[in-house]
Amino acid sequence: MGRLDGKVALITGGARGMGKSHVRHFVAEGARVVFGDVLDDRGEHVAEGLPDKARYIHHDVTSEADWAAAVELAIATFGKLDILVNNAGILKFATIEDMPLEDFKRVLEVNAVGQWLGMKSVIAPMKKQGSGSIVNVSSIEGFTGAASLSAYSASKFAVRGMTKAAARELGQYGIRVNSVHPGAVMTQMMFDSADSGKDGEAFLKAMPLGRFAESIEISRLVAFLASDESSYSTGAEFLADGGILSGPGY
């Protein structure tokens with residue numbers, strides 16, 4: 001413990017799933033955290049369990065005003081902002097033929113535009129202090145497509161590209177930008193995937209480790225990238241997929 005001592009982090013989508021795990025793990029590692037979500041009851045409940053270490057704010061990642069408020073809260077409450085974890089995301093299953101255009105646009109707006117706004121919003125305070133770490137949560141779907149996931153995959157490929165562009169732009173200011181690509185994690189999104197009719201048993205058989213990840217396993221990787229221990233890593237992609245993309249079968 002103590003990997004993030006003295007650091008201040010802003011984490012999106014922190015009310016449930018991986019985001020909630022990130023918030024709790026960052027606090028356990030010594031960070032002070034501002035986190036947002038649109039699920040206010042859940043978010044406030046998470047914050048209540050972390051007194052003086054975490055603050056919750058209602059945060060729609062597609063809103064520039066909400067981003068400004070979240071950054072302002074972090075600086076006003078804890079004095080600075082060292083880390084951004086762009087975690088918030090949504091998932092919609094439909095074939096290209098059946099998906100309404102508004103659903104496609106909505107996934108891109110939350111998953112891609114939301115992360116772009118996040119990076120844009122933290123540049124000024126990170127430039128001012130001459131350092132920062134941005135961790136963008138993508139997916140294995142940012143490496144390979146899957147039927148009925150055209151919108152999600154498009155958004156997660158976009159995160160990969162934006163991460164690399166941002167790393168090129170921001171390295172001169174001491175700001176690092178990396179992406180994390182989880183595979184099958186035991187969250188509500190995974191249960192939604194099962195409800196979509198995707199063959200979970202076949203998915204497991206294709207995975208060398210043969211099991212789903214626990215959220216904390218992703219949080220440890222995110223914390224490493226947020227910390228000074230990864231000080232020479234930027235513009236890079238970090239897979240945490242149980243080996244599923246190591247060969248054919250997915």
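Student: What makes α4 a helix, and how does its reach compare with the expected span?
Tutor: Helices are DSSP runs of H or I with at least four residues, numbered from the N terminus. α4 has 29 residues. From first C-alpha to last, α4 reaches 42 Å, close to the 42 Å expected at 1.5 Å a residue; the expected span is 1.5 Å times one less than the number of residues. This is a predicted model, where local features need pLDDT of at least 70, side-chain atom pairs count only at pLDDT 80 or more, and totals for chains, interfaces and linings use all residues. Residues are numbered from 1 along each chain as its sequence is written, and side-chain values use heavy atoms, with hydrogens and water left out.

Student: Where does α4 have a kink?
Tutor: At I123, shortly before the proline P125, with a bend of about 40°. The bend is the angle between axes fitted to the seven residues ending at a residue and the seven starting there.

Student: Why is L117 called buried?
Tutor: Buried means under 20% relative accessible area, exposed over 50%, and partly exposed in between (1.4 Å probe, protein chains only). L117 has 7%, so L117 is buried. L117 belongs to α4, which spans residues 101–129. Other buried residues of α4 include V110, G114 and V122.

Student: Which residues does L117 touch?
Tutor: Contact means heavy atoms within 4.5 Å. Not counting residues up to four places away in sequence, L117 touches V61, T62, S63, E64 and W67.

Student: What covers the buried residues of α4?
Tutor: The cover includes α3 (64–78), β4 (83–86), β5 (132–137), α5 (150–170) and β6 (175–182); strands are DSSP runs of E with at least two residues.
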